[in-house]
Amino acid sequence: MKKLIAGALVAGAVVAMTGCHTQPAKEEVKAEAKMDLNNNDLYEVSHEGRHYVFDDFATYQSFLEIGETSYRKVFIAGGPKGETLVFGLTGKDKKKTSGIAGIDMYNGKLEAAEEFYGEVRGEDGRLYVFSTLEDMEDVRKVGEAPYRFTQIAAGPQGQTVVFVLNKNNKKKQPVALMAKFKEMNNMK
């Protein structure tokens, strides 16, 4: 009987120790979830009467080169001006029905990361650059950036680049945002 009890105690201890070692700490789970949100950037392009949205820089760049995206979710009349709204997707997002960062951020269901970066390529040939999703949403609604710092012919194809500002930073040159823009677009 003593051997049976001792064996049960040892088996219980092994199970308890195994359980402790296989489950990640709560902090690890939270940190991993934050990394997987994909909410640190958003790109929009008005092109041929459609409004395209991307949450992946490589997919966005590919679209700029060829004018199409392999995987997409399309919403007729869902764009800011009633145009067709097209979300360019990555291969890993193509079968998802929810939890797609670009769609969730665009629809206000996912907050942007603290270190957010956004670009909008307008039909006017200008390239708008953002440091907050709120500024991006405001320009999308109004159609204009009330506070901005503009550089003529500073874009990758010689476009005018508009660095969008807000009431809090309107009196400062957006040096960090300008550097991020150059980094993202491989410019020196």
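**Reading the helices and cores of a predicted chain**

Mentor: Welcome! The protein chain has 6 helices and 8 strands. This is a predicted model, where local features need pLDDT of at least 70 and side-chain atom pairs count only at pLDDT 80 or more, while totals for chains, interfaces and linings use all residues. Residues are numbered from 1 along each chain as its sequence is written, and side-chain values use heavy atoms, with hydrogens and water left out.

Trainee: What makes a stretch a helix or a strand here?

Mentor: Both are DSSP runs, numbered from the N terminus: helices are H or I over at least four residues, strands are E over at least two. From the N terminus on, the elements run α-α-β-β-α-β-β-α-β-β-α-β-β-α.

Trainee: Why are L133, D135, M136, V139 and R140 of helix 5 called buried?

Mentor: Buried means under 20% relative accessible area, exposed over 50%, and partly exposed in between, with a 1.4 Å probe and protein chains only. In helix 5 (residues 133-142), those five residues count as buried, so each has under 20%. Seen down the helix axis, they fall within an arc of 160°, so they line one face of helix 5; the arc is that of the directions from the axis to the C-beta atoms. On the other side, E134, K141 and V142 are exposed.

Trainee: What covers the buried residues of helix 5?

Mentor: The cover includes strand 1 (41-47), helix 4 (101-106), strand 5 (117-121), strand 6 (127-130) and strand 8 (161-164).

Trainee: What makes a set of residues a nonpolar core?

Mentor: The residues must be buried Ala, Val, Leu, Ile, Met, Phe, Trp, Tyr or Cys, joined through side-chain atoms within 4.5 Å. The largest such core has 21 residues, and L42, F87, F116, F130, M136 and V164 have the most contacts inside it. Helix 4 gives the most to this core, with 4 residues. A second, separate core of 17 residues includes Y52, Y117, A154 and L177.

Trainee: Which residues does F116 touch?

Mentor: Contact means heavy atoms within 4.5 Å. Leaving out residues up to four places away in sequence, F116 touches N39, N40, D41, L42, M105, F130, S131, T132, L133 and M136.
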